[in-house]
Amino acid sequence: MNSQNKRCFGEYRCPNCKRSWMSGNSWPNYGQQCTTCNINVMPHSQRPLEKPDGLDKSDTSKPHRQELCEKCKKLGYFCGKTYY
């Protein structure tokens, strides 16, 4: 599998409101919508899920907000079910 097609851990910061968030459902070349400004924001940092460095705060019990995810919107279903 090409690493550019793998789900990864992403860090986001909205350029408008400066809101920051992290996501374990981040994909290269896809953004996520800021809940404050409603604009698509590209991740400023991404790293593989299989190499946590202690900073990853993914909560697997927290649902992925598909309506805010550019990849989910493009696919029409939950991006976490995507396997290349």
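Of the 84 residues in the protein chain, 35% are buried, where buried means under 20% relative accessible area, exposed means over 50%, and partly exposed is in between (1.4 Å probe, protein chains only). Keep in mind that this is a predicted model, in which local features need pLDDT of at least 70 and side-chain atom pairs count only at pLDDT 80 or more, while totals for chains, interfaces and linings use all residues. Residues are numbered from 1 along each chain as its sequence is written, and side-chain values use heavy atoms, with hydrogens and water left out.

Let's start with the overall layout. The protein chain has one helix and five strands, and reading along the sequence gives the pattern β-β-β-β-β-α. Helices (H or I, at least four residues) and strands (E, at least two) are DSSP runs, numbered from the N terminus. Contact means heavy atoms within 4.5 Å. Among the contacts in the protein chain with a separation of 6 or more, 42% are between residues 24 or more positions apart.

Now for the sheet. Strands of a sheet pair through backbone hydrogen bonds, either parallel or antiparallel. Here, three strands make an open sheet in the order 2-1-5, with antiparallel pairing; two strands count as paired if DSSP finds at least two bridges between them. Strand 2 (20–26) and strand 5 stand at the edges with a single partner strand each, so one side of each has no neighbour in the sheet. On average, neighbouring strands of this sheet are turned by 20 degrees against each other, direction ignored. For that angle, axes are lines fitted to C-alpha atoms (for helices over the stretch in contact), and angles run from 0 to 180 degrees between N-to-C directions.

Look at strand 1 and its two partners. With strand 2, strand 1 pairs in the antiparallel sense over five bridges, and with strand 5 it pairs in the antiparallel sense over four bridges. Strands 1 and 2 also form a hairpin with six residues between them, and Lys18 in the turn has a positive phi of about 70 degrees. Two residues let you follow the pairing to both sides. Cys8 has Ser26 as its bridge partner in strand 2 and Pro48 as its bridge partner in strand 5. Glu11 stands opposite Met22 in strand 2 and opposite Ser45 in strand 5. As for strand 2, five of its seven residues are buried, so the strand is largely enclosed by the rest of the structure.

Next come the charged side chains. Side chains of opposite charge can pair when their charged atoms come close. The structure holds two salt bridges, a salt bridge being a side-chain nitrogen of Lys or Arg within 4 Å of a carboxyl oxygen of Asp or Glu. In one of them, the side chains of Arg47 and Glu11 meet at 2.7 Å, N to O. This pair links distant parts of the chain, with Arg47 in strand 5 (residues 45–48) and Glu11 in strand 1 (residues 8–13), 36 residues apart. Arg47 is buried, at a relative accessible area of 14%. Arg65 and Glu67 also form a salt bridge, with 2.9 Å between the closest N and O atoms. Here Arg65 is partly exposed at 45% relative accessibility, and Glu67 is partly exposed at 44%.

Rings of Phe, Tyr and Trp (its six-membered ring) pair if their centres lie within 6.5 Å; planes under 30 degrees apart count as stacked, over 60 as edge-to-face and the rest as tilted. That rule gives a count of one aromatic pair. The ring centres of Tyr12 and Trp21 are 5.2 Å apart and their planes stand at 5 degrees, so this pair is stacked. Tyr12 is buried, at 1% relative accessible area, and Trp21 is buried at 12%. Elsewhere, the charged end of Lys71 sits over the ring of Trp27, 4.3 Å from its centre; the rule is that NZ of Lys or CZ of Arg is within 6 Å of the ring centre and within 35 degrees of the ring normal.

Finally, find Gly80, in the segment after helix 1 (70–75). Gly80 counts as buried at 14% relative accessibility. Leaving aside residues up to four places away in sequence, Gly80 touches Arg7 and Asn25. Gly80 and Gly24 are 56 residues apart in sequence, and their C-alpha atoms are 9.3 Å apart in space.
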